[in-house]
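Colleague: Could you walk me through this model? I'd like to learn how to read its domains and its ligand site.

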Amino acid sequence: MVGLALARAGAEPHVTARSGARIVARGVSHCFPLKTGTLPVLERIDLTVEPGEFVALLGPSGCGKSTLLRLIAGLERADVGQLTHDDLPIVRPEPSRIVVFQDPTLFPWRTVWENASLGLQARGVLRSQRHRVDEALALVGLGEFATALPHQLSGGMAQRVALARALVNDPALLLMDEPLGKLDSLTRLAMQSELVGLWRRTGFSALLVTHDIEEAFFMAQRVIVLSNRPARIVTELRNDLPYPRHRGDPALNSLRHRTLQALGLDGTW
Ligand SMILES: Nc1ncnc2c1ncn2[C@@H]1O[C@H](COP(=O)(O)OP(=O)(O)OP(=O)(O)O)[C@@H](O)[C@H]1O
Ligand SMILES: [Mg+2]
């Protein structure tokens, strides 16, 4: 548990790297039961997230992205296929795999600090690990707001509390389901950079669900493009641009074009 060991000195919180999770999905298919039959949502998905890698899942609305994330989190079991975390089958949710959703869902009566401490409290380790809450809040730049209540925060700050709440668990895999989807466009751009910074300062593996092509390529090292439901992998594109990245980089434009081509949407580009 070294992921949040912050250096006490210096303005920038420094975090020692821990090894991120290796996640493998093999031949994963999933259906949901409907009154009239079954709804196939995922079709033979094969994917790997290497330790410490940042991967984005990009696909049209309703194609099955959140479902795949839930299976990887262990919130649901796949109908067909195998999912493993460091070679062990994923059978239930674990604090080492944390999901951050679009909505920060903070308890309005709890302070920022108390909201961020929820995971430790639930595991009964808060008393011995209170420092981790301070460290996680410092990591997301909210050290000064520990005693604030959620209604006193902006949307971006609330989402940073949700991130701190995830990071106190020292996740080996951070699963993000459109975590910036409800933010205004300027805050969203700032948070994209912040999230990448967080990931670079820690060692977790990251899997980001988004339907924003720019966001996917700005942040991730590899983008997996999914088809309409039932989701299949249409293509996978690597982005080896070094960080920090620049939004105007022609290479990003070219990756965007290739993705639209893969989705058959490049007609007007
Ligand atoms: N628990 C469930 N029971 C039945 N159908 C479900 C359930 N969860 C999801 N679905 C259906 O599965 C399909 C895929 O849903 P999912 O939430 O995975 O899509 P998504 O790609 O995340 O979409 P969005 O981009 O809009 O968030 C949808 O048609 C949805 O209605
Ligand atoms: Mg979704």
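Modeller: Gladly. Domain bounds here come from an automatic or database domain assignment. For this chain, that assignment gives domain 1 (23-96 + 172-262) and domain 2 (106-170). The model is predicted: local features need pLDDT of at least 70 and side-chain atom pairs 80 or more, while totals for chains, interfaces and linings use all residues. Residues are numbered from 1 along each chain, chains are lettered from A and ligands numbered from 1 as written, and side-chain values use heavy atoms, without hydrogens and water.

Colleague: How much area is buried between domain 1 and domain 2?

Modeller: The size of an interface is often given as the accessible area lost when the parts come together. Here about 960 Å² is buried (1.4 Å probe, summed over both parts), and carbon and sulfur atoms give 73% of that. Pro95, Met191 and Leu198 supply 42% of the area that domain 1 buries against domain 2.

Colleague: Which residues come nearest to ligand 1?

Modeller: A residue is near if one of its heavy atoms lies within 4 Å. Of the 14 residues around ligand 1, Ser61, Gly62, Lys65, Ser66 and Thr67 come nearest. Helix H1 (65-73; a DSSP run of H or I, at least four residues) gives the most to the shell, with three residues.

Colleague: Which polar side-chain atoms lie 2.7 Å from an oxygen atom of ligand 1?

Modeller: A polar contact is a pair of N or O atoms within 3.5 Å. Lys65 has such a side-chain atom 2.7 Å from a ligand 1 oxygen, and so does Ser66, at 2.7 Å.

Note on methods
A polar contact is a pair of N or O atoms within 3.5 Å; within protein, one must be able to donate a hydrogen and the other to accept it, and residues adjacent in sequence count only if both atoms are side-chain atoms. Helices (H or I, at least four residues) and strands (E, at least two) are DSSP runs, numbered from the N terminus. Buried area is the accessible area (1.4 Å probe) that two parts lose on being put together, summed over both.
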